Amino acid sequence: MTNRSMDTNLPAVYLCQVGPFVSCGACCGLYNVVDPSREGLEAMLRRRTRWFADVPRTVAGLDDFKARVEAAEPQTRPFPEFHHCPYLGMIEDSGCRVGCLLHPLAKGNNGVDWRGLSFYGGMACRTYFCPSVRHLPARWLTAVRQSMDHWYLHGLIVTERRLLEAFFMELERRIGRPIDAADFSAGGQAAELFNRFASLKTDWPFRRDGAPGAGNYFFEDGLYPRPAVRRADTSVPVSPFEVILGELDSGFASKADLNAAEKRIEAIIDSLAKQLIQQ
């Protein structure tokens, strides 16, 4: 599945299928489920993959598979109008990562492209890329690509265009130069620190009440706008990290909570800036 010859209009930095364990299914609604935890998604995707192995590769067979998946899984969605594709599964070749069971390179499809049966159709599957890929500088996307080591966190962070923009702009301001590919090598200290920042998506203790969870709606069509940081009252001031806090769906009951959140972000960015300056 890392062979991309059957897809078109590829961006300069490709982030959909990166390596044996790194890929992204966010645009297919991967995280738009009741339980978007890593364990929950892995169990869901592995079950679908097992079922799909026995499905006849016919329109009727694939339609029956879709019906079976939808009957077996909760259909409640954090973002009700964001389609979740039942044909997401696990790509099991030299590694194991999320991917499309209908793709022509997927196991058992014998080169036939069945993506036309998906909700958005085959053309959308071949040509759509998220706003991060279209709008963020290649150097930032390369840093993300080289830092991630698992599909779960990769898909959560790569679609966060504004969060990544605020993070890398602050980092570059502190080191006094643009980052480059050599700054973030797989398994290196900088990559580890970036993963710590990305992990705020899943273990952020300051998420506001009513927030949809770790996933996000990133299509930038105004359907599900992310609200501003919530504050209990005017004693909680505006933060230097206001954009980052907003993109993490934050809410604060007190100035002390805000200070704790800022310290957590500051520790990561400060450590990373020092690491890059010393290299």
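1. A word on conventions first. The model is predicted, so local features need pLDDT of at least 70 and side-chain atom pairs count only at pLDDT 80 or more, while totals for chains, interfaces and linings use all residues. Residues are numbered from 1 along each chain as its sequence is written, and side-chain values use heavy atoms, with hydrogens and water left out.

2. The salt bridges (a side-chain nitrogen of Lys or Arg within 4 Å of a carboxyl oxygen of Asp or Glu) come to 22. One of them pairs E73 with R47, with 3.2 Å between the closest N and O atoms. E73 sits in the loop between α2 (59-72) and β3 (88-92) and R47 in helix α1 (residues 38-53), so the bridge ties together parts 26 residues apart in sequence. Helices (H or I, at least four residues) and strands (E, at least two) are DSSP runs, numbered from the N terminus. E73 is buried at 8% relative accessible area, whereas R47 is partly exposed at 23%; buried means under 20%, exposed over 50% and partly exposed in between (1.4 Å probe, protein chains only).

3. Please look at E220 and R161 too, whose closest N and O atoms are 2.7 Å apart in a salt bridge. E220 belongs to the loop between α9 (200-203) and β5 (230-231) and R161 to helix α7 (residues 161-175), so this pair links parts 59 residues apart in sequence. Here E220 is partly exposed at 36% and R161 is buried at 17%.

4. R177 and D183 form a salt bridge as well, at 3.0 Å from N to O. R177 is partly exposed, at 29%, and D183 is buried, at 6%.

5. A cavity is a set of points on a 1 Å grid over the protein atoms alone where a 1.4 Å probe fits but cannot get out, and lining residues have an atom within 4 Å of a point. The largest has a volume of about 50 Å³, and its lining includes Y31, F79, F82 and F218. That lining has 5 nonpolar, 4 polar and no charged residues.

6. The second largest cavity holds about 30 Å³, and its lining has 2 nonpolar, 1 polar and 5 charged residues. Among the lining residues are K201, R226, E247 and D249. You will meet these names again in a salt-bridge network that links E160, K201, R208, R226, E247 and D249.

Key: 1 Å grid on protein atoms, 1.4 Å probe; cavity = no way out; pocket = protein on both sides within 12 Å on 5 of 7 lines; lining within 4 Å. Points joined across faces, edges and corners; volume = space filled by probe spheres on them. Nonpolar A, V, L, I, M, F, W, Y, C, P; charged D, E, K, R; others polar.
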